Amino acid sequence: MHKSNSKFIYVTVLIAALAGGFGTYGIGNPTTQVLAQGGENMTGMSEMGGGSMQGTNMTGMPNVVRDSVAELLDGKILPAGKFIHLYDTTPYMIINGHVAVNVPCEDNSTASIQVLMGQAPNLTAAELENLPELSTPGEMCLYHVDIAPTNEVITDVAIANPGDSDLEFPAGSTVVIGVNEIMSGAEEGEHGHGAEEASTPAG
């Protein structure tokens, strides 16, 4: 009789422990729910470059994504004072990302184009950093710029021709945009009005 009671107590304690474990590490754990939500978001965001933006992190924290778009500019013509719109994450804002451009440059390594970032129509020229090891001044130069947290909402990336004459891109001209984190908060209502103003590059 004593052994039976001991087995009963042991089984009862075991069931209670398992039940507690599910509450701590399983369905009842908010951390587990956040991780699952993040996994769903990462799957949905992989199509971001194609215009599909789905899901948002329930915690209000940035969604970790990894989306990359490469645009070959070989043979394309960018008219003077005009721009090419390359990336849009509305209604999400870009929290962390990177842009690299390989374009014609002057003898002093000044880029022939500007990289514009912001929320249309409020786009401003980013400060490009030249990579001399991968550049040939007077011919082609490689530049990059990080997209980092600022007071400005960034949803759009474009390149613009600030010159007085049309620019025809030679072979090897590219733009690569990588986005690592996005977050909700860029309202559709603030986007897309007065887009014609963006055709005149800022800066």
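**Close-ups of a predicted model**

**View 1. Asn161 and its loop.** Asn161 sits in the loop that links strand 9 (156–160) to strand 10 (167–168); strands here are DSSP runs of E with at least two residues, numbered from the N terminus. This is a predicted model, where local features need pLDDT of at least 70 and side-chain atom pairs count only at pLDDT 80 or more, while totals for chains, interfaces and linings use all residues. Residues are numbered from 1 along each chain as its sequence is written, and side-chain values use heavy atoms, with hydrogens and water left out. Asn161 is buried, at 3% relative accessibility (buried is under 20% relative accessible area, exposed is over 50%, partly exposed is in between, with a 1.4 Å probe and protein chains only). A polar atom of the Asn161 side chain lies 3.4 Å from the backbone oxygen of Pro79.

**View 2. Strand 4 and its two partners.** Take strand 4 (residues 92–104): 10 of its 13 residues are buried, so it is mostly covered. Strand 4 runs antiparallel to strand 11 (residues 174–184), with 10 bridges joining them; strands pair if DSSP finds at least two bridges between them. Look for Gly97, whose bridge partner in strand 11 is Val179. Strand 4 also pairs with strand 8 (residues 140–147), again antiparallel, over eight bridges. Here Ala100 has His144 of strand 8 as its bridge partner.

**View 3. The Lys76–Glu71 salt bridge.** Lys76 and Glu71 form a salt bridge, with their closest N and O atoms 3.8 Å apart. The rule asks for a side-chain nitrogen of Lys or Arg within 4 Å of a carboxyl oxygen of Asp or Glu, and the count comes to one salt bridge. Lys76 is partly exposed, with a relative accessible area of 35%, and Glu71 is partly exposed too, at 27%.

Key
Helix = DSSP H or I, 4+ residues; strand = E, 2+ residues; numbered from the N terminus. Polar contact = N/O pair within 3.5 Å; in protein donor to acceptor, adjacent residues only side chain to side chain.
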